[in-house]
Amino acid sequence: MAEKPTIESLTDKIRNIPTLPAVLGELSRRLEDPKTSSDELAQVIQKDQSISSKVLKLVNSPFYGYAGKIHSISQGIMILGFNAVKNLVLSTSVFEAFRGVKSGDGFRIEDLWIHSAATSACAKVLAETTRKADPDEAFVTGLLHDIGKVVLWSTEPEFFKAAVTLSMNRHLPFGDLLQQILGFRDEDVGALLAEKWKFPPSLREAIRWRERPGQAGDQQGLASILQAANLLSCATGFHDLPSTPLGAPNTEEWKALGLSEDQALRNWIESSRPRMDMAKSFLEMLN
Amino acid sequence: MLVALSQIESGAVARASILDSRDQVLAPAGTVLSDGMIQTLKARGVNLVDIVSVEDPAALEDARAKEQVRLAELFGISPKTPELFQLQRILMESLHG
């Protein structure tokens, strides 16, 4: 196996990853002030031409059902809400930051983003039905939940390839394998980056505890939705690392989401399928 | 039937092998095209693809059989827990409407 990274070596490498655009930090600060108006927020977003044009394109995508009807950022904020637009800015910024990451032998970055889009759709549907998390937040968490893998792949490609092969050969889910050989998981790496990029704490904690929702504290609902959504997208053909095993959900979390009932599970799968397709078109626009 | 690649959605089945300009096989006949694969074909300059009609019951049965194999393989290497058994069973049932 290629040389093993450590959490310290990865933290150093993450330090070299560029920060997200300043517009995001300013947006978060303004959102904390309840007196901020939609026009003021729109002005902040419009400072970054590239981001604001992408956000306008996304709010007009079939995904939101307002195709061609939203003509300004401020109108988008009024229709979709502050948080939905902020999440769009966040997703756009993350995709921009990772634009240079290429596929390689043993890993296709496109598979990972398609998997992420499918996960975001499943997460949103499950959040809507269970009301255990905000649907928009569930969506963006699904979209960004695998950033730890992107960091591992772009900073330690040889190790990453070897770990995928080992995961396949040992029939051990990728995260469990990393835990066994490194003592930490790809979600931990994702949480490190989420910290550097100053993601909202709810998002960062859901990413960190995705496979261990019981430890997510206040974010247990969001983390358990993310775990289930990640599983469903892999099982329905949108696996980010095809040929590696699925992770098993915790029995209590599965029950708490109502998924131990066959009919509830069937309903979730059937409601998620068309949304997964829409989320893929959302992804194409993001790219 | 020949269909422009831009019109093809994931799940379409290739009737004939899909070749690049140097006649290298990019996807053999019978491949169920995923979104990732469609993107790759676009990147390799493929414009038209011969796919089976969705009304073709034999082709649909073939695609179903392939999905069954994929599920069996994926769940076969995954942990054996009641939740994953349940998910596999329901996904298998959904294949048969």
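I take buried as under 20% relative accessible area, exposed as over 50%, and partly exposed as in between. The model I have open is a predicted one.

**Entry 1**

**Entry 2: other salt bridges**

I searched the whole structure and got 30 salt bridges over all chains. One of them joins A:Glu156 to A:Lys13, with 2.7 Å between the closest N and O atoms. I noted that this pair links distant parts of the chain, 143 residues apart. A:Lys13 belongs to helix H1 (residues 7–15) of chain A, while A:Glu156 is in the loop between helix H9 (147–155) and helix H10 (157–170). A:Lys13 has 31% and counts as partly exposed.

Next I checked A:Asp146, which forms a salt bridge with A:Lys149 at 3.1 Å between the closest N and O atoms. A:Asp146 is buried at 2%. A:Lys149 is buried at 6%. I then traced a network of salt bridges that holds both residues; among its other members are A:Asp176, A:Arg185, A:Arg210 and A:Asp240.

**Entry 3: the nonpolar cores**

The largest nonpolar core has 105 residues. Which of them touch the most other members? I list A:Phe98, A:Leu144, A:Phe199 and A:Trp268. Helix H7 (residues 109–130) of chain A gives the most to this core, with twelve residues. Domain 1 (19–97) and domain 2 (101–287) of chain A each provide at least three residues.

I looked up A:Trp268 and left aside its neighbours within four places in sequence. Its contacts include A:Cys122, A:Val125, A:Leu126 and A:Leu259. A second, separate core has 13 residues, including B:Ala12, B:Ala27, B:Leu41 and B:Ile51.

**Entry 4: between the domains of chain A**

The C-alpha centres of domain 1 and domain 2 of chain A lie 24 Å apart. I found 19 residues of domain 1 in contact with 21 residues of domain 2. The area buried between these domains is about 1900 Å², and carbon and sulfur atoms give 79% of it. What is the salt-bridge count between the two domains? It is zero. The rule does find one residue pair in polar contact across this interface. Helix H4 (49–59) and helix H6 (82–97) of chain A are the elements that give two or more residues to the domain 1 side. H6(A) gives the most, with ten residues.

**Entry 5: between the chains**

I counted 22 residues of chain B in contact with 32 residues of chain A. The two chains bury about 2000 Å² between them, 60% of it on carbon and sulfur atoms. B:Ile77, B:Glu83 and B:Leu87 supply 28% of the area that chain B buries against chain A, more than any other three residues.

The rule finds two salt bridges across this interface. One of them pairs B:Glu93 with A:Arg266, with the closest N and O atoms 3.2 Å apart. I also have ten residue pairs in polar contact between the chains. Helices H1 (35–43), H2 (57–76) and H3 (82–95) of chain B each supply at least two residues of the side that touches chain A. H3(B) gives the most, with nine residues.

Notes:
Residues are numbered from 1 along each chain as its sequence is written. Chains are lettered from A and ligands numbered from 1 in the order in which they are written. This is a predicted model: local features need pLDDT of at least 70, side-chain atom pairs count only at pLDDT 80 or more; totals for chains, interfaces and linings use all residues. Side-chain values use heavy atoms; hydrogens and water are left out. A nonpolar core is a set of buried Ala, Val, Leu, Ile, Met, Phe, Trp, Tyr and Cys residues joined through side-chain atoms within 4.5 Å. Buried means under 20% relative accessible area, exposed over 50%, partly exposed in between (1.4 Å probe, protein chains only). Helices (H or I, at least four residues) and strands (E, at least two) are DSSP runs, numbered from the N terminus. Domain bounds come from an automatic or database domain assignment. Contact means heavy atoms within 4.5 Å. Buried area is the accessible area (1.4 Å probe) that two parts lose on being put together, summed over both. A salt bridge is a side-chain nitrogen of Lys or Arg within 4 Å of a carboxyl oxygen of Asp or Glu. A polar contact is a pair of N or O atoms within 3.5 Å; within protein, one must be able to donate a hydrogen and the other to accept it, and residues adjacent in sequence count only if both atoms are side-chain atoms.
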